[in-house]
Amino acid sequence: MLEVHGLTVRFGGITALDGVGFSVRRGEMTGLIGPNGAGKTTLFNCLTRRYDADAGTVRYEGKDLLAVPPHAIAAAGIARTFQNLGLFPHMSVRDNVLVGAHHRGGAGFLTASLRLPRVRREEARLRAEADGVLDRLALTRVADHPATGLPFGTLKRVELARALVGRPELLLLDEPVNGLNSAEVGEFAGTLRAIREEFDVTMVVVEHHMGFVMGTCDRVVCLNFGRKIAEGPPAEVQRDPEVMRAYLGTTG
Amino acid sequence: MVGFLQQVVEGLGAGAIYASLALALVLIYQFTGIVNFAQGELAMFSAYIAWQFTAAGLPFWPALVLTLAVSFAGGMLIERVVIRPVEGAPELTVVIVTVGLFIFVNAAAGWIWSFLIKDFPNPFPGGALEAGGLSVGYSTLGVMAVVAVVMGLLYLLFQRTKVGLGMRAVAANPTSARLVGIRVGWTLALGWGLAATVGAVSGVLVAPLLFLEPNMMGGVLIYAFAAATLGGFDSPGGAVVGGLVVGVAETLAGAYVDVIGSDLKVGVPLIIILCILLLRPQGLFGRAAVERA
Amino acid sequence: GREETGGGATTAAGQCQGQQTTGITDTSIKLGGIYPLSGPASAYGDIPKGIKAYFDYVNAEKNGIGGRKVEFVVRDDGYQPPKAVEEARRLVEQEQVFALFQTLGTPSTTATWDYANQRKVPQVFVATGASKWGTDTAHPWTIGWQPNYVSEARVYAQYLKQERPEAKVAVLYQNDDFGKDLFGGFKRAIDGSGVTVVAEQSYEVSDPSVDPQMRNLAESGADVFLNITTPRFGSQALAADAKNTGWNPLHIVNNVAASITVLRPVGFENVQGIVSATYYKDPNDPQWKNDPEMVLYYEKMKQYVPEADPTVPYHTFGWAVASSFHKAMEAAKCPTREGLRDSVRALGGVQVGMLLPGVTMTTGADDGFPIESMQLMEFKGERWELFGDVIDTRKEFGPLTD
Amino acid sequence: MSGDAFLAVEGLHAGYGDARVLHGVDLTVGRGEICAILGPNGAGKTTLLRALSGMIRVRGDVRLDGTGLARRSPDALARQGVAHVPEGRGTFMPLTVEENLRLGAFVRRGRGAVGADLDRVCAYFPVLRTRLKQVAGSLSGGEQQMLAIGRALMLRPRLLLLDEPSLGLAPLVTEELFRIVRAVNEEERTTVVVVEQNAHLALGVAQQAHVLESGRIVLSGSAERIRADEQVARSYLGYRV
Amino acid sequence: MSGRAEVTEKPVRADAPGRGRALARIAAGRRRWIVAAALLAVACSLPFQLVPFRVFQFTMVLVYAVALLGLNLLVGHAGQISLGHGAFFAVGAYGTAIMLDRWDVPHVLTLPAAAATAFALGLALGLPAMRLRGLYLALVTLAIAIFLVPLLKRFESVTGGSMGLTLGKPAPPAWTGLAEDQWLYFLALAVAVAAFLLARGLLHSRVGRALHAVRDNEAAAEVMGVRLSFYKTLAFAWSAMFAGAAGSVYTWVIGFVSPDSFAVTLSITLLAGIVVGGLGSFSGPLLGGLFVMFVPGISQDVNDAAPGVIFGLLIITVMYVAPTGLAGLAGRVARSTKKILRKE
Ligand SMILES: Nc1ncnc2c1ncn2[C@@H]1O[C@H](COP(=O)(O)OP(=O)(O)OP(=O)(O)O)[C@@H](O)[C@H]1O
Ligand SMILES: Nc1ncnc2c1ncn2[C@@H]1O[C@H](COP(=O)(O)OP(=O)(O)OP(=O)(O)O)[C@@H](O)[C@H]1O
Ligand SMILES: [Mg+2]
Ligand SMILES: [Mg+2]
């Protein structure tokens, strides 16, 4: 479904990604790990066209993803969450989630301002769907709360809901279990597995929580200094000496 | 050719005036992140204070020193009394407060000193330096020199001093600034005080050239905005270069492009700014904000 | 209340029967004025202080105008026409004024005169010199006072035609109704003579400085410079002319910027020999030091508006226009709005103390301009020196039609 | 224990506007101790640290080394030697990494000592040394987290408040982090309050620990006792790294 | 809107409380309609209760409210600052004036034409301008507003130059039996209500959310599929359109346009009006209109020697008391009275 080839991104003197290549199969859950500053988030930013690649190709469902304009990524079926949260602070949780469904609506300035029946129907449909996802992620109670002032863990869930309501085929999660205690991580891992079935979505997850990665991912890619240093089933990567040296340390 | 060069020189002279106020704008923007609409009026008010001192019989230079001191204190006071209550409010709220301040100061000056033009002493000699057919007024040279000095001092302040670092930290993230022990309130007040002082320098430079009355700085403010926008709102050097570019462009366009004429010459800086900003949205010397998802 | 007429005890009887008496009783008369007390034009906001001083003095010491105490309500329009409309309506409908006495500025007056004329409210002695107040026939209730800008332009044109028949003139003018009117009048007045305009530059009130314009004008090598500006720009233009030693034209400055207060900051040594024209007395001019009206003015200003500075010429202007109103009201046959309307249109050589000797107010069926005479003056030493005769532009150029 | 209480908190109430979050928290931390706070998502851990560093208004008594601190502003507390690594890191985005670090030592005097500490922090987190002139906003999430910790250490604090310091750090760095915390604690007798989801590591360095739930402390004790608690084990120690 | 929602949050099932809240929302929605209807009724009765001069004042309040509604769309909802909206107001006003003056276009037709002109101009200027951020955009729009004044003076044959144009006002049809002031008031009211409904529709939709998203976090909005340039440019154009429509009604009401009526002060007044009224709120434009209309007069009543001193102080004070605008203040007051009432 996703094929990354020789992807390189530079910022001034820093090479954040250096010829990275891997592929993701449909339905698979891929873990992306690596030391801080290895280029994981940068890779996500490339896939969602926030950054331009200096070299390399990305094919998504056979299309050249790097030729897709940033705002069309969502419609192409890719959604993501952000490492440091990318919510809309002055909007309610529900509205935040509804923005995730933006590309699925068709109302324009004129039709919306006139409140045509078509627009109302579409609005009602998306609202129902958003409420469904909020419910699914146990966010109903905070649906009308503005997206500031909620605990970090909750906000991470709001981001997930926002991504899901866009009905993505490929979901990119950047450190989703940050700030959760281990029981919550376990719960979240369960939710994620269920969602994967329910929404039939392929996922790439960046995470430093190795328990979570080992427990949920089918395959793991490890980056270091912008280069891929390992790829394979979690248990294998975990034992990889270079991964241990660069990333996991001894307790791995 | 000499005529052309002379126009350029005159444009630089006008530009230096715009730059002088732009420096104060940039200063405030640097550490509060707002544009201060009242900056020009505060400069005008400082000029009146200087006038009041000289009218009371003080010689120019002591009057100037006193004025700078009063302006500094006044700037700090304004921050404490007027800006402080809206600290932390949305940015536009603060901007509108400065609009209110603009209206207030302008009206107050008229009320106190009337709208009659005041006789303001010129600190620089009247003549002009003649060289190669060009003539540059001593006051123009004086203004340029002062602006250059102020710019240099501001640069040192921002980049080389702890106070400057603290100010930039406050602008970047007031909450964190507090956490590392910066007295945010006082830093902001200090910033306003400094900006008012720089503004006072501008007002005193401008008053003998444009003639002192309450509306003196209105037009200058507009051009100072243009200068700061062009140069980048976070760079003192940019403000000065921006001011000079605006001054020269406007002068030349008014003089040589007939369709523009003197009535539409205000449009020239506009077009330059648009063109430059489209290429560099952060202004000529401004730093682009780093954005990470 | 929303009644149309009859605000007070009716004093209209006989031939005045049935005329409007809103705002006037046997003991009072209520006037409303609109000025920019705030905003960029607030310098003109000093005018009503002079008016107030005059009316307070008349009320207290002369038992008002013909026994009627004057109440003068001032409203602020910030020099914005929509605000002027609002304030005019407030004065007429809520304050129930007898007349609008002075609305300042061409735009504000233009925005309100349809209303005033529809409601048949006198709008007298408006504070703007546009020529349309006198030439327009559809607005009989509105009339100006000060010499219109075209007349003033004619005075300068006349002077040049006589003294410098071959003059090449450079003009700086404010790009608004005032500058355009005066400059347009000048161009028409020199039409067909040897006097020519060789360079013109305009400026906006929002410009910081007119230095660039002055530079361009200097290049023209003109031998006369006509300075059509408001005070601060007037000073700037005078200073620029003085600074430029390579260009020494005859400098004519228009009346609006001719006050001593505009010249002083430039330095008297730099403004010797400049020419202007005037119609009322400058409070800063030593030659009026012992003039009885000026003495009275200083005394009453100090007495009734002690916080105002009597040397501000706008105060003097206000005093002059208020005393002009006094005369016009006294001359009215009926103490009614119609009476005032007719009176201001039938002034016959009315003398007003604060006007220059020889300058009088005259209007008639075919003449809607109360003051049309001015006298030229030249700056010498520390004061203006009047020279030549008072020029009655009506006589010289014929009535103004437009 | 309370005989040498360096930080003593009594009946602490705090919240945001109408929302009350902490309902009377009592807590003492001995001089030179490390104290770990555990608790579920939304329990009020961040709020507690914010209250301790003066970022939010509080009701109740907070004493640092005997002096009352409640209602002091964060900058005053920083001058008292309280350093806070806040949730969200509080990076000065447009400033360089070096400027960020130097700001950590803003209230200290003596250029030399500050320079030495800069070196020390760079030794702790070698990535930062290579990035000193880089704009801090462009750092990766984990790098910014290191920067935040480094900035707090630059103060040479007497009391160090760490809000989920391991957030976004790679496992190797997380371990290193706790070694650093212990080292700082031992070398400088810095008292530390650490909120941490990685309970294993936190309890590993801490002498005492508290569990916060819904704004109340529901369990306190020595680190070993807490570690042994069954409920804690289920909630916080389940997933082993 | 829901400042008091539960904040202590634990993963919960959505059940009764969720449903109850939905019901409450519907009830609140109905209440809002009742309030709106009452407000409209009051608005319709105003011209029969007040002296013509007051009616005129309220007509102008509505004119400003329409312009502020547009500005609110841009500044409050899309987060883009414009210091040049007076220019679009002027374009609408002058467009109408020129149509009336040169071609005798019937009054009603001038409004859509003027609004369309402003829209087109907004679009044309929005395309390049929307590449700019915050302050830079604000200052470029300010420059546009400044430039417009000499431009209007330059093309004297069309615009009447600095003398401006004087125009006739729309006459009330005989069947209405209304006076001119009342008729103008109702025209302005109709335009305001229409503008309000349009803006409401816009904001309670996908488009409105997209604008809010752009305002709050551009990067995230784009990832969600919001095309930044499109939404920013169209928000600018729509906002210009509202300002243009307001300008058109202005010309009907005042019957006179001149360049000096549309100087920079107008643009700054508009921005101040919407910030004082309350950015991003529905009542903000109306409250802002009331402020812009009535406060200068009040200032003069307090101090007629220098009304600016009072006006400036009032702006500062309002921002001090109500940093999020009068609408926010009104909301706070309403909430706390409700709370007090409930406690009784
Ligand atoms: N806009 C930018 N400008 C300059 N450098 C950048 C920029 N974005 C990323 N970098 C650099 O690229 C490197 C990779 O960053 P990235 O955010 O991809 O790391 P990461 O693998 O996600 O790390 P972490 O686990 O800490 O989140 C970092 O060293 C960072 O400093
Ligand atoms: N800025 C704020 N405004 C309003 N409410 C807030 C704010 N910050 C936190 N809260 C509320 O305070 C409560 C406690 O939050 P806090 O952030 O202290 O929890 P936490 O234990 O740190 O959770 P986490 O593990 O997710 O970081 C939450 O219910 C939250 O909604
Ligand atoms: Mg990352
Ligand atoms: Mg927290």
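I began with charge in chain A: the mean positions of its 30 positive and 29 negative charges lie 4 Å apart. I noted at once that the model is a predicted one.

**Entry: chain A as a whole**

I stayed with chain A and looked up its secondary structure. The chain has 9 helices and 10 strands. Along the principal axes it is roughly 60 × 40 × 30 Å.

How much of chain A is buried? I found that 61% of its 252 residues count as buried. Last, I checked the contacts between residues at least 6 apart in sequence. Of these contacts in chain A, 67% join residues at least 24 apart.

**Entry: which chains touch**

Which chains share the most contacts? There are 8 pairs of chains in contact, and chains A and E share the most. I also looked for pairs without contact. Chains A and C do not touch, and their nearest C-alpha atoms are 31 Å apart. Chains C and D have no contact either. Their closest C-alpha atoms lie 35 Å apart.

**Entry: magnesium at chain A**

I moved to the magnesium ion that is ligand 3. Which residues coordinate it? They are A:Thr41, through OG1, and A:Gln83, through OE1, at 1.9 to 2.2 Å. A:Thr41 sits in helix α1 (residues 40-47) of chain A, while A:Gln83 sits in the loop between β6 (78-80) and α2 (93-100), so the pair ties together parts 42 residues apart in sequence.

Are these two buried or exposed? A:Thr41 has 9% relative accessibility, so it counts as buried. A:Gln83 is buried too, because its relative accessible area is 5%, and the cut-off for buried is under 20%.

**Entry: magnesium at chain D**

Ligand 4 is also a magnesium ion. Its protein donors are D:Thr46 (OG1) and D:Glu87 (OE), which lie 1.8 to 2.2 Å from the ion. I traced where they come from. D:Thr46 belongs to helix α1 (residues 45-52) of chain D. D:Glu87 belongs to the loop between β6 (82-85) and α3 (97-104) of that chain. The two are 41 residues apart, so this pair links distant parts of the chain.

D:Thr46 is buried, at a relative accessible area of 12%. D:Glu87 has 33% relative accessibility, so it counts as partly exposed.

**Entry: D:Asp117**

I picked one residue in chain D and looked around it. D:Asp117 is in helix α4 (residues 111-124). Its relative accessibility is 2%, so it counts as buried. What does D:Asp117 touch, leaving out residues up to four places away in sequence? The list is D:Arg108, D:Met154 and D:Arg156. I followed up D:Arg156. It is 39 residues from D:Asp117 along the chain, yet their C-alpha atoms are separated by 8.5 Å.

**Entry: E:Met130**

E:Met130 lies in the loop between α4 (107-129) and α5 (134-154). Beyond four places in sequence, it touches residues including E:Leu74, E:Gln80, E:Leu137 and E:Phe236. I also looked up E:Ser229, which is 99 residues from E:Met130 along the chain. Their C-alpha atoms are separated by 6.7 Å.

**Entry: two positive phi angles**

Finally, I looked up backbone angles. A:Phe225 has phi near 45 degrees, a positive value in a residue other than glycine. Its place is the loop between β9 (219-224) and β10 (227-232) of chain A. A:Phe225 is exposed, at 66% relative accessible area.

D:Ser214 also has a positive phi, near 45 degrees, and is not a glycine. I found D:Ser214 in the loop between β9 (208-213) and β10 (216-222) of chain D. With a relative accessible area of 36%, D:Ser214 is partly exposed.

Notes
Residues numbered from 1 in each chain as written. Chains lettered and ligands numbered in written order. Predicted model: local features only at pLDDT ≥ 70, side-chain atom pairs only at ≥ 80, totals over all residues. Heavy atoms only, no water. Donors = N, O, S within 2.8 Å, 3.2 Å for Na, K, Ca; no water. Helix = DSSP H or I, 4+ residues; strand = E, 2+ residues; numbered from the N terminus. Buried < 20%, exposed > 50% of the residue type's maximum accessible area, 1.4 Å probe, protein only. Contact = heavy atoms within 4.5 Å. Lys, Arg positive; Asp, Glu negative; His and termini not counted. Charge placed at Lys NZ, Arg CZ, Asp CG, Glu CD.
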